[in-house]
Structures are given as C-alpha cells and as structure tokens.
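Please work through the exercises below with the sequence and the coordinates open, and try each task before reading its solution.

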Amino acid sequence: MKTIQSLAPQKVWNHFHSLTQIPRPSGFMKPITAFLLDFGKGLGLESFTDEVGNVIIRKPATPGMENRKGVILQAHMDMVPQKNNDTVHNFETDPIETYIDGDWVKAKGTTLGADDGLGVAAIMAVLEDQTLKHGPLEALITKDEETGMYGAFGLKPGTLNGEIMLNLDSEDEGELYIGCAGGMDVTASIEYKEVEPEGGDIAVKVILKGLRGGHSGLEINQGRANANKLLVRFLREAVASYEARLVSWEGGNMRNAIPREAHAVVTIPAENEEELLSLVKYCEDLFNEEFGAIETPISFKGERVELPKGETPEEIQDNVIDAIFACQNGVMRMIPSVPDTVETSSNLAIITIGGGKADIKILARSSSDSMKEYLTTSLESCFAMAGMKVELTGGYSGWQPDVNSPILHAMKESYKQQFGVEPAVKVIHAGLECGIIGANVAGLDMISFGPTLRSPHSPDERAYIPSVSKFYDFLVATLEQTPLKK
Ligand SMILES: [Zn+2]
C-alpha cells in the first residue's frame with residue numbers, strides 16, 4: 001500500500017510524516033519544540049525559542065538575494081486532538097496513522113493535523129533545500145494556536161526582523177487571505193432576588209430546536225436563525241399579551257457558535273394557558289415561514305411543567321427582554337473595499353437566566369478595530385440601559401486588509417504566471433494569528449495561504465493531495481520573487 005512519503009512533493013510529505021510521529025496536541029508542546037529546534041540546529045541554522053515558547057529558525061539569503069525584503073514563514077506547531085468515539089488513541093503518546101484515500105490524505109479515526117502540520121512541513125522543506133533562491137528567511141512556528149493563539153499573543157515586538165509574513169494556515173489552495181476579523185467577548189449580567197409566582201398561575205416550558213446554527217464568524221452571513229433571537233420574540237409577546245412572567249431561559253452553549261436551541265420557563269394565569277400555547281404554534285409557523293428556505297423545519301413546542309418557587313421580578317424581566325430584543329445581532333457591515341465580505345458582526349450566543357442571575361454572552365467580530373469598538377460600545381449601551389453590568393474581555397485585533405500590499409501584488413502576478421488563473425483574494429471573518437502578530441509587530445506586510453483541507457478540527461480532517469504541490473510550488477516562487485528592500 002502507498003504511504004504518504006511517496007507523494008509529491010516528497011520533501012513536504014516526508015516532513016509531514018515526521019510530524020505525525022510526534023505527539024503535539026495543543027498544550028503539550030515539549031516534544032515538538034525539541035524536534036523543531038533539533039531540525040534547525042541540524043541544518044546549522046540559528047534556532048531558538050522565544051520567551052513564550054515559539055520556535056524561531058533563521059536562514060540567511062541565498063547568494064544574490066541579500067537585497068530582498070526579509071520574509072517570515074509562519075505556521076503553528078500544535079494540532080486539535082479529536083477522535084471518533086470508537087477510536088483508541090492517546091494524543092500525548094501515540095503517532096497519527098495516515099492513509100491515502102483517492103486524492104485525499106486522512107487519519108485513522110483522529111484529526112490529521114494537516115492544520116497546520118502541512119504549513120510546518122513546507123517551512124521545513126524550504127529551510128532544508130539548498131537549491132532554492134530566497135532573501136533572508138525567518139521561520140516562526142507558534143505554539144498553542146488552536147486553544148487561544150497563545151504563541152502569537154506572546155510574541156514580543158523586536159524578536160523578528162522580516163518585513164513580510166507568509167502565514168501558511170489557510171485551507172483553500174488558490175485563495176489568498178489579506179485580512180481577518182478580531183474579536184471581543186461581551187458579557188452582560190445582573191443579579192436579582194426572585195419573587196414568588198402569583199396565586200393561580202401555572203408554568204409552561206417552551207422549547208425551540210432544530211436550527212442549523214454554524215460558525216459565528218464564517219457563517220454569520222448565511223441568514224440563519226439565532227435561537228435566542230427567535231425566542232425573545234415569543235417571550236416579549238407572551239409577557240405583553242398573556243401576563244407571562246419569566247422564570248428561566250437557557251439558549252446556546254458556545255460563544256463562537258450560532259445558537260441552535262433555546263428553552264424558557266414562564267408562568268401565566270391558568271386561564272391564559274391555551275392562548276399561550278396557540279402563540280407557540282403561531283410562532284413556530286411564522287419562524288418556518290421566515291426561514292423555510294434556509295432552515296429545515298424549526299420545532300417550537302410548549303408543555304406544562306411544575307410551578308417553580310421563584311421567578312424574575314417584573315422590572316428586571318422587562319428590561320432584560322427589551323435589551324435582548326434590541327441588541328445588535330448578525331452582520332452589521334460589509335467591508336467597503338472587498339466585495340461580499342463581512343467586516344463587522346455579532347453573535348448573541350449564550351443566554352442563561354434563572355435562580356437570581358441573568359447572563360448574556362455575545363461574541364463581536366470585526367476586521368476593523370474601530371468598527372469593533374463601535375459595535376461593542378453599542379452593545380454596552382443597550383445592556384446598560386437595562387441596568388446590566390457589561391464586561392468586555394478576551395479582545396484581540398483584527399487584520400485590516402490592504403488591497404495595495406506589495407506582497408499581494410507580487411503573489412497575484414506570480415500565481416497567474418504559474419497556473420494561468422488569478423487567485424481569489426479574500427478576507428476571513430474569523431481570527432487568524434496574523435491579526436495578533438500584525439498588531440504586535442508594526443508595518444508587517446502579510447498574506448495567509450495554504451493547501452486545501454476539509455473538516456479540520458474533526459476526525460474527518462483531510463488534505464487534498466494535488467493542492468499540496470501547487471501550494472508548495474507557489475511558496476517557492478513567491479520567495480524567489482520577493483520584492484526588493486526599500
Ligand atoms: Zn490552523
């Protein structure tokens with residue numbers, strides 16, 4: 001049976017194979033760090049780790065190329081450790097088992113680690129090859145990207161000399177990324193003392209489910225329903241027309257996922273029960289009418305539950321419901337200079353209300369730092385009006401696209417020459433290390449590109465074999481055509 005070491009370009013696949021033999025789940029960086037340092041030193045190159053644990057390897061310019069701008073080749077050393085339920089695998093001790101399936105390389109029951117192992121392997125191939133032409137190179141292999149971009153955050157300004165950075169962590173060959181979104185976690189909360197339900201009230205639980213959800217950045221422009229935003233429409237009407245009182249609410253479970261499910265418990269006078277259940281049915285039909293083209297049927301049902309001891313005080317309930325109703329959600333603005341690309345968005349991700357506390361968690365994203373601030377301030381204003389405390393945490397910078405970037409022009413030309421077609425130029429509405437590194441190291445001219453991968457971060461992760469040669473040839477040609485120093 002053919003192994004991946006027989007694939008072309010052989011040097012890239014050979015190094016990738018070596019990487020699969022070294023455990024490197026995020027948070028477990030010792031063996032891979034030692035391996036990369038040994039590799040660099042073995043080639044006689046300056047190799048070291050910075051304070052936070054990123055590996056840096058310097059390779060001097062080849063003869064005649066000393067007058068080119070310095071290039072930083074960047075990839076991350078860690079991988080997402082995911083396996084199928086029936087796969088026995090210890091990510092801290094066991095090698096990844098790869099196999100070839102048609103045009104794809106896959107792993108047996110686990111993530112493959114092509115994200116970003118193929119980026120690291122390409123860097124190793126460039127560092128090793130004595131026949132290439134390039135200016136001064138610095139490899140920056142960051143640690144723990146997948147769990148919080150800790151290596152990128154920890155990189156100190158002044159560590160690197162390069163003026164251009166090629167990030168090798170994108171997932172579609174033929175696409176050049178020139179920008180990414182930054183993010184900010186917005187959390188609004190309030191504490192209250194529960195009050196007793198009125199005599200003669202009954203309690204109903206309403207359950208909304210069956211939504212598609214999706215990635216809160218990459219899929220925010222798909223017009224999909226947000227479970228919390230649908231539920232608030234029902235709740236506001238139930239409070240206004242049927243004297244419903246909010247007991248509890250739970251919707252969504254991850255900040256970076258569009259919420260697919262939400263449920264709430266309300267109390268109402270017993271005589272209004274039937275009308276409330278008709279409102280549930282009315283909303284279910286309405287939501288399916290509005291989203292029928294996008295969502296498979298949305299299910300919204302109500303059922304009688306035991307009367308709870310406490311509920312939300314009326315004023316708090318009204319304020320919080322109004323704020324949830326009013327807050328910005330979804331795409332706020334597209335990028336004026338890049339067609340069809342989201343610039344600024346928010347995801348009303350997680351709501352938990354009940355037992356004396358209400359918590360609302362939103363993820364705000366933008367490739368423009370000032371627009372991100374505009375959005376987070378508008379969210380802050382909205383929830384502050386409801387008397388809630390608003391915290392902004394976990395902020396990271398976006399990478400604002402520069403359509404006049406010199407390396408972008410060089411790479412577009414080079415791609416056209418090699419492959420006869422223009423590469424697509426895109427901005428990703430999610431975080432990349434470029435955003436963080438670019439915010440730390442002033443004036444870097446950056447591009448992100450890579451071979452074609454599918455389903456990264458899952459045991460279905462696979463790498464498209466023909467894209468790896470194209471990616472590597474393009475990288476080599478880019479280095480050869482690096483712009484001159486000013
Ligand atoms: Zn990655």
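**Exercise 1.** Determine which residues of α1 meet which residues of α11, and how the two helices are oriented.

*Solution.* Taking contact as heavy atoms within 4.5 Å, we find that Lys11, Val12 and Trp13 in α1 meet Ile465, Val468 and Tyr472 in α11. This is a predicted model, in which local features need pLDDT of at least 70 and side-chain atom pairs count only at pLDDT 80 or more, while totals for chains, interfaces and linings use all residues. Residues are numbered from 1 along each chain as its sequence is written, and side-chain values use heavy atoms, with hydrogens and water left out.

Next, the axes of α1 (residues 10-20) and α11 (residues 465-480), as lines fitted to C-alpha atoms over the stretch in contact, come within 10 Å and cross at roughly 110°. The two helices (DSSP runs of H or I, at least four residues) are therefore roughly perpendicular to each other, a term that covers angles of 65 to 115 degrees.

**Exercise 2.** Find the salt-bridge partner of Lys11 and state which parts of the chain the pair ties together.

*Solution.* A salt bridge requires a side-chain nitrogen of Lys or Arg within 4 Å of a carboxyl oxygen of Asp or Glu. The side chain of Lys11 meets that of Asp129 in such a bridge, at 3.5 Å from N to O. Lys11 lies in helix α1 and Asp129 in the loop between α3 (114-128) and β6 (137-142), so the pair ties together parts that are 118 residues apart in sequence. By this rule the count comes to 22 salt bridges.

Technical notes
Axes are lines fitted to C-alpha atoms, for helices over the stretch in contact, and angles run from 0 to 180 degrees between N-to-C directions. Angles under 35 degrees count as roughly parallel, over 145 as roughly antiparallel, 65 to 115 as roughly perpendicular and the rest as oblique.
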